[in-house]
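Biologist: Hi! Could you walk me through this model?
Modeller: Happy to, here it comes.

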Amino acid sequence: MTESAIPLGSRIAHAFARFLPLSYFKKPPSIIIDVTNSCNLRCPVCPVTFAMTRKRGLMKLDVFERIIDDFKDASVKPSIYFNFSGEPTLNPDLPELVAYANRHGHDTFLSTNATKLDAEMAGRLIEAGLARVNLCMDGFSKEAQESYRINSDFDEVKTNIETFLRVRQELGADNPLTVLQTLLTAYSENQVDEITQWAEDVGFDRVRFKTFSVGSYTSEEEKRENSKFLPQKEEFKRHPTGVERALCRTPLFQTVVFWNGDLGLCCIDYDQMIQLPNIAEHGFMKAYLSKEALRARKNGFLKSFDVCQGCSYGNAESLGFKVNLKKRRKAALSRAA
């Protein structure tokens, strides 16, 4: 998109932003943890499938502790998100990571493809104090789920999700808040009502229907090939706004720590194209507040990196919609009364 396509106000804001001091970029972030960059599935537009070149590995507990320990005396603590490039439940230490963050006062969030979520893992995560979880199932049939979630088994995923919700009920736990996340594809768009009803019946708190993107890293050929997943209904499509934003606010509230302890800029940099300090020697905050990292966040704010140019993260008018099942149940009870 040409500069003329960027609104004048946005271009003026960009010009002023170039003069912001580095201290502007010191706001404590939410921290995305690269629990592992390995995944057992091969989703067609996921960069882990076709674009990732960095070494695969698992975050160790001592690396994670270096992050959390820097906030022991902080009055405001960042949320910890276990949902980066790989499947978090492939790391056997995941429940210990969640428990350590929870014990030290951090809000925790997990997103999982639910393929490895057996009763034991479910119980350990719930008892660890996990606050929120997205359980992902991308349709309500084998075709809908397995066409996109390649190497998954619909019946197994459905059973694992039901097991997680049953274990939560058996433990009498209020946590975590449970969200069923489903991609709106050509295979699932006609299953919305069925999915919502099942989610309500098995005890979910919410459903999130997420609009489908053909990817930020995909080539034009790959975009054409994967356009078969795009839904036909206009209300379920991810429509670009047509407005190019000159600034990206993501680096102001979000950062990443890769499994080996290297600091990352944001969630779009799956392959660590932006090199930043490691937290191992001096801890998270010294790496995060280093001039190198501060400059990187400013350049990310200004969208100066190559990785920023193809990013579709903040340039869509609809990322989907949510259904609050708790409110639906309360409304149904009120009508029954």
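Modeller: One term before we start: buried means under 20% relative accessible area, exposed over 50%, and partly exposed in between (1.4 Å probe, protein chains only). This is a predicted model, where local features need pLDDT of at least 70 and side-chain atom pairs count only at pLDDT 80 or more, while totals for chains, interfaces and linings use all residues. Residues are numbered from 1 along each chain as its sequence is written, and side-chain values use heavy atoms, with hydrogens and water left out.

Biologist: Thanks! Is Asp107 buried, exposed or partly exposed?
Modeller: Asp107 has 29% relative accessibility, so it counts as partly exposed.

Biologist: And which residue does Asp107 meet in a salt bridge?
Modeller: Its partner is Arg132, at 2.8 Å from N to O. Asp107 lies in the loop between α4 and β3 and Arg132 in strand β4, so the pair ties together parts that are 25 residues apart in sequence. A salt bridge here is a side-chain nitrogen of Lys or Arg within 4 Å of a carboxyl oxygen of Asp or Glu. Helices (H or I, at least four residues) and strands (E, at least two) are DSSP runs, numbered from the N terminus.

Biologist: How many salt bridges does the structure hold?
Modeller: There are 14. One of them joins Glu200 and Arg328, with the closest N and O atoms 2.9 Å apart. That pair links distant parts of the chain, since Glu200 sits in helix α8 (residues 192–202) and Arg328 in helix α14 (residues 325–336), 128 residues apart. Glu200 is buried at 15% relative accessible area, whereas Arg328 is partly exposed at 35%.

Biologist: Back to α4, then. Which of its residues are buried?
Modeller: Leu94, Pro95, Leu97, Val98, Ala99, Tyr100 and Ala101. That makes seven of the ten residues of α4 (residues 94–103), so the helix is largely enclosed by the rest of the structure.

Biologist: What covers them?
Modeller: The cover includes α3 (61–69), β2 (80–82), β3 (108–112) and α5 (119–127).

Biologist: New topic: which residues lie nearest the centre of the largest pocket?
Modeller: Asn83, Gln181, Arg208, Lys210 and Tyr270, out of 50 lining residues. A pocket is an open set of points on a 1 Å grid over the protein atoms alone, where a 1.4 Å probe fits, with protein on both sides within 12 Å along at least five of seven lines; lining residues have an atom within 4 Å of a point.

Biologist: Which element gives the largest share of that lining?
Modeller: That is β6, with five residues.

Technical notes. Contact = heavy atoms within 4.5 Å.
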